[in-house]
Amino acid sequence: MSEVRDAEVMSVGPDEVVVTFTTDPDVAVTTRVGTAEVTTTGPLHTATVTGLDAATEYRITIDAHLVETDERYLPASVTTLARPSGTLLTTFATVNDVHFGEVECGRLEMGGHDLTGDVFVAEPGEPPYPEVMNRAAIADIDAIAPDAVVAKGDLTNEGTEEEYDAFLAAYGHFGKRMHHIRGNHDAAISDSIATTGPFLVELPGTTLAVLDTVRFQRENGKITPEQLEWLDGVAGTASQPVFIFGHHHPWSPESNTRSEGYFGINPDDSDALINLVGRHDNIVGYFAGHT
């Protein structure tokens, strides 16, 4: 029997569990969550097990030999999410780092260090992987018919007009429901590519507050005092939950080092954002891309 590799619980919802793993090509494997099961064929497996009850613990089994199973990624059991009470008021979706124009996957340099692992390139004649993956993402988003779609930066690979036009052509599918903010890749050669912020998206039952965390021609980010003052006012006057979006992730107060060259939002601005969130119970969270 073929070995299963890199097994991971990818997501858990109120009525479904998704498990991913790899095998040799053409190998069929059955994944069970409780008594529900689904069979997938390798090499890349995405086992979406549906029809589950909410807030219920289920045992996970995979009908194959496992190698180096890590319980952090594939626990013996999971508990489905509780279904929220009340009436559904709105649905929105978010994506980030869609990188139109990129042709290689897996190449990474950070802080002067080459962290490149396996590099994948589309076969000759095949479309670049951002086009393939974004078509799939757009189809998945379409299926839930959201009231808004927020793209959190790095819409392009090199920040060219042509790459930005490709992003707009793809995500323009959502019309006025589509909202986007720039990332560091979008400001690599021009300070005018893509949408800047901050701005609000008002939806039934919630407010989406979108920040511009970009430094021109820099990989790391910031949040200006003017934007923090704006956000403080938004949260202070909003009568409904507030979701905050930006491209860069914040520095963690638990980190042992404070560096202005931090890959995400610098420590001082991160502290200010965290303190602001702590003052407002109606802020649900801050949602970022970049890493």
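Predicted model: local features only at pLDDT ≥ 70, side-chain atom pairs only at ≥ 80, totals over all residues.
Modeller: Residues are numbered from 1 along each chain as its sequence is written, and side-chain values use heavy atoms, with hydrogens and water left out.

Biologist: Why is the chain called as compact as a globular protein of its length?

Modeller: The chain has 4 helices and 19 strands; these are DSSP runs numbered from the N terminus, helices being H or I with at least four residues and strands E with at least two. Its radius of gyration is 21 Å, close to the 19 Å from the globule rule for 291 residues, so the chain is as compact as a globular protein of that length. The radius is taken over C-alpha atoms, and the rule is 2.2 Å times the number of residues to the power 0.38.

Biologist: What makes Asp6 exposed?

Modeller: Exposed means over 50% relative accessible area, buried under 20%, and partly exposed in between, with a 1.4 Å probe and protein chains only. Asp6 has 62% relative accessibility, so Asp6 counts as exposed. Asp6 lies in strand 1 (residues 3-12) and has a positive phi of about 55° although it is not a glycine.

Biologist: Why does Asp26 count as exposed?

Modeller: Its relative accessibility is 68%, so Asp26 is exposed. Asp26 sits in the loop between strand 2 (17-22) and strand 3 (28-33). Asp26 also has a positive phi, of about 65°, without being a glycine.

Biologist: Why is Val284 called partly exposed?

Modeller: The relative accessible area of Val284 is 47%, and therefore Val284 is partly exposed. Val284 belongs to strand 19 (residues 283-287).

Biologist: Which residues is Val284 in contact with, leaving aside its neighbours within four places in sequence?

Modeller: Contact means heavy atoms within 4.5 Å. With those neighbours set aside, Val284 is in contact with Pro241, Val242 and Phe243.

Biologist: How do you know that the buried residues of helix 2 are on the same side?

Modeller: The buried residues of helix 2 (residues 161-171) are Glu163, Tyr164, Phe167 and Tyr171. They cover an arc of only 100° around the axis, so they are on the same side of helix 2. The arc is that of the directions from the helix axis to the C-beta atoms. The face turned away from the buried side carries the exposed residues Glu162 and Ala169. Among the elements that cover the buried residues are strand 9 (92-95) and helix 1 (129-143).

Biologist: What makes a set of points a pocket?

Modeller: On a 1 Å grid over the protein atoms alone, a pocket is an open set with protein on both sides within 12 Å along at least five of seven lines, whereas a cavity is a set of points where a 1.4 Å probe fits but cannot get out. The second largest pocket has a volume of about 200 Å³, a volume being the space filled by probe spheres set on the points, with grid points joined across faces, edges and corners.

Biologist: How many nonpolar residues does the lining of the second largest pocket have?

Modeller: Lining residues have an atom within 4 Å of a point. They are Cys105, Phe120, Val121, Ala122, Tyr129, Val132, Met133 and Ala136. Ala, Val, Leu, Ile, Met, Phe, Trp, Tyr, Cys and Pro count as nonpolar, Asp, Glu, Lys and Arg as charged, and the others, Gly among them, as polar. The lining therefore has 8 nonpolar, no polar and no charged residues. Helix 1 gives the most to this lining, with 4 residues.
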